[in-house]
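Student: I would like to learn how to read a structure of this kind. Please take me through some of its features one at a time.

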Amino acid sequence: MEAFENLSRGFHRKQEPFCGELRAPTGQKENPNKQRGFNQKMTDYIVRRFLLMIPIMLMVGIICFLLIHFIPGNPAELMLGAEADSAVIAALTKKMGYDQPLYMQFLKWLQMVIRFDFGVSIYSHQPVISLIAHRAEASILIACGATILFSFFGILVGIISAIKRNSWLDQVSMTLSLTLASAPSFWIGLNLMLIFAATLRWLPGSGYPGVIETGNISNLRYLILPCLTIAIPSTGLIARLTRSFFIDILSMEYITTARAKGLKESVVLIKHALRNALIPVVAVIGSYFAEIVSLSVVIETVFNVPGVGRLVVESILQRDYPTLQALLMFIAGLYVIVNFLCDIIYAVLDPRIQYD
Amino acid sequence: MAKDCVKLVCILGVFLLVFFLLAGPAVAGSDSPKYGGIFKMATHQDIPTLDCMMSSADVVYEPGGHIFETLVQYITADGKIAPELADRWTVSKDNLKFTFNIRQGVKFHNGAELTSEDVLASVERWFKNGARGGIARPYLDRLSTPDKYTFEIYLKQPYGPLLSLLGFGNGGPVIIPAKIAREAGAEMLKPENYIGTGPYKFGKWVQGEYVSLDRWEGYVPRNEPPNGRAGKKIAYFDRAEFHIVKEEAARTNGVSSGQYYYATGVQADQYDSLVKNPNIRAIKLEPPYWCQIFFNTKEGLCANQALRQAILATLNMDEIMVAVFGDLSEVQGSIFPKSTPWYTTAGLDKYNQKNPKLGRDLAKKAGYKGEKIRMLVGNMYPMYDLSQVVAKQLKDAGFNVDFQVYDWAGVVANRGQSNKWELFVTSGSAVYYDPGISYWLSPTMPGWWNTPEKQAVLKDFVSITDYKARLDAWSRFQEIFYTQVPIIKFGDYYQLHMAATENKIKNLGSKTHPIHTFVYAWNLWLP
């Protein structure tokens, strides 16, 4: 968290706060040529970033391939069980091609990836892409639900605390935020399960049958507890971050100028202060989103939700090389895309940010 | 007046008696079997495949044992080998020829009738490629099919454990269609080829989540009464689902709330709380498992028999067993538990000596000078817990233990390389109806125990068929086991499972449906 804060503050320091209204009085239109230039630059930037993704993903793929194959383990031994005959293990290893030199296996993988073929899981023989797509459903839904919850409540509580700085409301909300942010998520999850699933029986405590597969939208109730479990500690964290950035912004001179100009307090807070305060918060929220989609292993395990995080761990433990390889690339791609989207959101929040 | 009262009471009594006699069957009728519902079980391990012939893992046989059947069945309520796909079998006087008469009218899940050709192709694949086929391979002469419903196995020399091996579900010769068996060879069956003759057929497998099986409407049950996994099998449940639930609390809550009827993998320290939970039946799985150290007898420090004996003298089995398994442990050193026909006290004077001083002296005499003893440790229960206690005892006695922790795949990969380790701790089922089919007897198993004394006594053991003579040979084997110390047994422990209570599922755990290593969904029904 500290790292995020420092990073975000560093980012913030480089930028002078945006106070468009002060510099561009009401009624004065922006130069259309300038606007077109900005749009062109933005389009160029998007295209360039997309093209850059290709070498990035290739590098990620190569590094992942090497790392995966350096871990000791042979899937044939795991499939055949601890009591299997060694000759049988050798025969299956050969059939699967894992007795070949690493460079041969790499070339074979590369040939497939160039054709966008990620292969099939060596266990269930399901295509890896469909396996990941199936798992991504729960993960993305949980991440969306949790992100909406913690962004809304976290930012709201953070702003209120910043405005009512040092009041009892600020102290109570910040103490509560710190407590929530410090609580281990599995502990929160198990307690929620105990209260809402085992005792009150309002919500299911385990599993997720899927909405796409069953066509039953009411299955979303299976995701309520996992969403809450992730959202509760994250709300605390986002609230503290927002408060901190908001207080920084409120103490800046352009806010004093805005107030001196006689602007309404709500305009000062929402139009001038909030936009600037949110830029670093968006960076954190973006990273959180990618993290929830890909690495919520603990929550997925506690609630037995078939998500991407669990698939990563299962693939590592089972040495399911094709699945693991594709998963790591999926996660890397997700981070690249989320960072890219965050950059675009910065530009929306602060039009002065230009990507040359 | 008094007489009238007596008369009235008598009439009332007779009336009530008649009422209860008539109503009795109706009340009992609510317990009578009925079709419908979904059997749901939570398993704590990932299911790597459903190819039971190729995988020796228990977790594969849990669902797989519903799809596939074997010629004979040894997990029975009466403990005797019973027919399954074979109607009957005969063994020649010289014990070299086994003839099986195949049941007629049995249908595979693809609708084709089972014939001796399918049996031959399956058994052939198993001898060549099956997980446990290698044990019996040296004894096989040839296989033949004199007619459509007769199958014969010819041996080069008598082999006592053959029938037990043929009844083995996980890693044994399950019967599949001939074409599939021949095409698969050494490769794992693909899901579309999970075609057997069992009461449930393969439905769906969502990797890492669940396996779902549907009732096989074409199943023709045997006529004998249910006898454990053998006898008449009726699939009352429409479907059987095997869910992978890694978190123990989720499994416990699931069974408690009625989401699952059965769950595996409960740690021993949960036993007391399970017993107190009115919504759960704590199942101490009979017969117990064993846990042990495997030594690398091929290479490195522990190839020295004297050093292995020193470690055996050091260990305190009471501490190890109680620390890890608590009330579920049984400190006894016979390789097979007391409840099996292979229990013997031979060699047990060397078991549980708990004498670190003697261990130190023996190690010194063996030439041990404090070199690193590399211990491969799996990071899961109970291997990790056992390893910690063992390492502590050895360190206290002056052994320099190098604790190397891996996930299970890492342990399995490393243990196959004799230059990477000195010992590792593991656990598993010891209960085979015939000790001769124990996987760890193979000289190719990591540990590579292959001395002339061992091989000679084993040869005796597997080539005789008389029980008393075989028990005598097994006792001699156990003497060698405790002298050469290829493995150190800590003791026996009961696996802890949990089941829903009788008011949620019927017949589970009854005399005809004992819970014996594996649970199965047939002959069970909902109230």
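Student: How do α9(A) and α7(B) lie to each other, roughly parallel or roughly antiparallel?

Tutor: First, the ground rules: this is a predicted model, in which local features need pLDDT of at least 70, side-chain atom pairs count only at pLDDT 80 or more, and totals for chains, interfaces and linings use all residues. Residues are numbered from 1 along each chain as its sequence is written, while chains are lettered from A and ligands numbered from 1 in the order in which they are written. Helices (H or I, at least four residues) and strands (E, at least two) are DSSP runs, numbered from the N terminus. Axes are lines fitted to C-alpha atoms, for helices over the stretch in contact, and angles run from 0 to 180 degrees between N-to-C directions. Angles under 35 degrees count as roughly parallel, over 145 as roughly antiparallel, 65 to 115 as roughly perpendicular and the rest as oblique. Here α9(A) and α7(B) pack at about 5°, with 12 Å between their axes, and are therefore roughly parallel to each other.

Student: Which residues make the contact between α9(A) and α7(B)?

Tutor: Two residues are in contact if their C-beta atoms, placed from the backbone, lie within 7 Å. From α9(A) come L190(A), M193(A), A197(A) and A198(A), and from α7(B) come A249(B), N253(B) and S257(B). For classes, Ala, Val, Leu, Ile, Met, Phe, Trp, Tyr, Cys and Pro count as nonpolar, Asp, Glu, Lys and Arg as charged, and the others, Gly among them, as polar. On that scheme the contact of α9(A) with α7(B) has five nonpolar, two polar and no charged residues.

Student: How many residues does each chain bring to the contact of chain A with chain B?

Tutor: Chain B gives 41 residues and chain A gives 40 residues. On the side of chain B, α4 (133–136), α7 (248–257) and α13 (408–415) each supply at least two residues. That side divides into 15 nonpolar, 18 polar and eight charged residues.

Student: In what order do the strands of the open sheet in chain B run?

Tutor: Two strands pair if DSSP finds at least two bridges between them. The four strands of this sheet have the order β4-β5-β7-β6, with antiparallel pairing. At the edges are β4 (86–91) and β6 (140–147) of chain B, each pairing on one side only. Neighbouring strands are turned by 15° against each other on average, direction ignored.

Student: Which residue stands opposite V91(B)?

Tutor: V91(B) stands opposite F98(B) in β5(B). β4(B) and β5(B), residues 97–102, are joined in the antiparallel sense over five bridges. F98(B) also has I153(B) of β7(B) as a bridge partner. Further along the sheet, β6(B) and β7(B) form a hairpin with two residues between them, and L140(B) stands opposite L155(B).

Student: Which residues are on the covered face of β7(B)?

Tutor: F151(B), I153(B) and L155(B) are on the covered face, whereas T150(B), E152(B) and Y154(B) are on the uncovered one. Helix α3 (residues 116–129) of chain B lies across β5, β6 and β7 of that chain, running at about 170° to β6(B).

Student: Where is the cis peptide bond placed?

Tutor: The cis bond runs from Y381(B) to P382(B), with omega near 0°. P382(B) is in the loop between β14 (372–378) and α12 (383–396) of chain B.

Student: Where in chain A is confidence lowest, and where is it highest?

Tutor: pLDDT is the predictor's confidence in each residue, from 0 to 100. Its mean over chain A is 83, and 88% of the residues reach 70 or more. Confidence is lowest in helix α1 (residues 2–14) of chain A, at a mean of 39, and highest in helix α7 (residues 128–163) of chain A, at 93.

Technical notes. A residue is buried if 20 or more other C-beta atoms lie within 10 Å of its own, exposed if 12 or fewer, and partly exposed in between; C-beta atoms are placed from the backbone.
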